Every structure is written in C-alpha cells, then in structure tokens.
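Reader: I am new to this structure and would like to learn how to read it. Could you take me through it one feature at a time?
Author: Gladly; here it is.

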Amino acid sequence: MDYHRLYPSVVIPTEFYRSVTDSSKPVIKELYGRINPYYTDFLFSAVSLILLAYTNRFLSYAQLVRTLKDQYKQNHSAVAAAQIKNLWKRLYLTRTMQFLGISSLFLCVVTMFLIYIGFSTLSVYLFGLALLFLIASLGVSIVEIHISVKALELHLNDMEK
C-alpha cells in the first residue's frame with residue numbers, strides 16, 4: 001500500500017518507508033500493515049479527550065467534597081455520611097481511571113516514536129498494551145458511573161422522605 005499517495009500531507013522518513021515496504025522483509029511489512037502511525041494518532045486524540053472528561057469529573061468531585069464537608073459539619077446526617085463514603089469510592093476509581101488513561105497515552109506516544117525509528121515489532125505490542133489500558137480505563141469508568149447513580153439515588157430517596 002502506498003502511504004505517500006493516501007496521505008500526502010504526512011511526512012514519513014524515506015529510509016523508514018523503504019525499510020517497511022522492502023519485499024525482502026515480509027514480517028516487518030506485514031506488521032507495518034497492521035499498525036502504522038495513523039492508528040496511534042486516533043488513539044492519541046481519543047485518550048486526550050477521555051482524560052479531559054476524567055479531569056472535569058475529578059474537579060466536580062472536589063467541589064462536591066467541599067459542599068458535603070460543610071453539610072456534615074452542620075448536620076451529622078446518615079445520608080451525608082453515606083454520600084461521603086460513596087464519594088471516597090468514586091475518587092479512588094477516578095484516580096485509577098486517570099492512571100490507566102495516562103498510561104495508555106504514554107504508551108501511545110512511545111509507540112509513535114518506535115514506529116518512527118523503525119522498531120515495528122515492539123511498537124505493535126506496546127500499541128496493544130495501550131489499547132488494553134484504555135479498555136481497562138473505560139471499564140473502571142463504567143463501574144464509577146454505576147456508583148455515581150447509586151449516590152444520586154441516595155440523594156433522591158432523602159428528598160422523598
């Protein structure tokens with residue numbers, strides 16, 4: 001496949017392009033066909049947006065902690081105590097989501113560098129690991145959303161009483 005023709009605005013070093021398209025190196029050519037810099041670019045942008053969402057979530061939790069702390073000081077209610085306990089879980093899950101997302105982003109950048117310098121085999125494995133970190137981060141996000149819904153249910157049940 002001629003990547004220069006498909007992506008004319010992307011500059012690929014000539015010696016790298018020759019090394020991955022050389023017919024005497026079928027394994028590298030096959031690996032390059034499975035992963036190229038354009039795949040990592042997509043993951044790079046997706047992870048960046050997810051990290052932005054995680055950061056916004058973390059900032060909203062920080063504001064919620066301040067509010068709940070003031071409420072709990074004024075009125076030692078069981079609902080506020082349950083919400084604080086729930087918030088602790090959510091904060092730890094958010095930290096885990098951010099760690100996994102940042103790890104995915106880091107490995108994505110390392111993968112792009114390895115592709116650039118010609119280590120195609122290693123880049124394939126690191127890209128796979130970056131994808132696994134992203135999947136794990138999204139999985140933790142699902143658990144955190146489930147806990148957040150329970151927190152809202154606690155709040156709504158308190159309003160009904």
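This is a predicted model: local features need pLDDT of at least 70, side-chain atom pairs count only at pLDDT 80 or more; totals for chains, interfaces and linings use all residues.

Reader: How many helices and how many strands does the protein have?
Author: There are six helices and zero strands.

Reader: How do I read burial, and what share of the residues counts as buried?
Author: Burial rests on relative accessible area: under 20% is buried, over 50% is exposed, and partly exposed lies in between (1.4 Å probe, protein chains only). Here 33% of the 161 residues count as buried.

Reader: And contacts? What part of them comes from residues 24 or more positions apart?
Author: A contact means heavy atoms within 4.5 Å. Among the contacts in the protein with a separation of 6 or more, 76% are between residues 24 or more positions apart. L91 is a case to look at: this residue sits in helix α5. Apart from neighbours within four places in sequence, L91 is in contact with F58, Y61 and V65. L91 and Y61 are 30 residues apart along the chain, and their C-alpha atoms are separated by 7.3 Å.

Reader: Which residues have the most contacts inside the largest nonpolar core?
Author: The general idea is that nonpolar side chains tend to be buried together in soluble globular proteins. A nonpolar core is a set of buried Ala, Val, Leu, Ile, Met, Phe, Trp, Tyr and Cys residues joined through side-chain atoms within 4.5 Å. The largest one here has 18 residues, and those with the most contacts inside it are L43, V47, L51, Y54, L134 and V140. Helices α4, α5 and α6 are the elements that give two or more residues to this core, and α5 gives the most, with seven residues.

Reader: What does Y54 touch, once its neighbours within four places in sequence are left aside?
Author: Y54 is in contact with T94, M97, Q98, S137, L138 and S141. S104 counts as buried, because its relative accessibility is 0%. Not counting residues up to four places away in sequence, S104 touches L43, V47, A130, F133 and L134.

Reader: How many salt bridges does the structure hold?
Author: In general, side chains of opposite charge can pair when their charged atoms come close. The rule for a salt bridge is a side-chain nitrogen of Lys or Arg within 4 Å of a carboxyl oxygen of Asp or Glu. The structure holds two. One joins R57 to E144, with the closest N and O atoms 2.7 Å apart. This pair links distant parts of the chain, as R57 is in helix α4 and E144 in helix α6, 87 residues apart. The other joins R90 to E144, with the closest N and O atoms 3.6 Å apart. Here too distant parts of the chain are linked: R90 is in helix α5 and E144 in helix α6, 54 residues apart. Together R57, R90 and E144 are linked in a network of salt bridges.

Reader: Is E144 buried or exposed?
Author: E144 is buried, at 1% relative accessibility. R90 is buried as well, with a relative accessible area of 10%, whereas R57 is partly exposed at 21%.

Reader: What volume does the largest pocket have?
Author: Rolling a probe the size of a water molecule over the atoms shows where empty space is left. On a 1 Å grid over the protein atoms alone, with a 1.4 Å probe, a pocket is an open set of points with protein on both sides within 12 Å along at least five of seven lines; lining residues have an atom within 4 Å of a point. Grid points are joined across faces, edges and corners, and the volume is the space filled by probe spheres set on the points. The largest pocket has a volume of about 300 Å³.

Reader: Which residues lie nearest its centre?
Author: Of the 16 lining residues, L64, L68, Q71, Q83 and H155 lie nearest the centre of the largest pocket. The elements giving two or more residues to the lining are α4 (37–74), α5 (78–117) and α6 (120–160). H155 lies in helix α6 and is partly exposed, with a relative accessible area of 39%. From C-alpha to C-alpha, H155 and Q83 are 8.1 Å apart in space, and 72 residues separate them in sequence.

Key: Residues are numbered from 1 along each chain as its sequence is written. Side-chain values use heavy atoms; hydrogens and water are left out. Helices (H or I, at least four residues) and strands (E, at least two) are DSSP runs, numbered from the N terminus.
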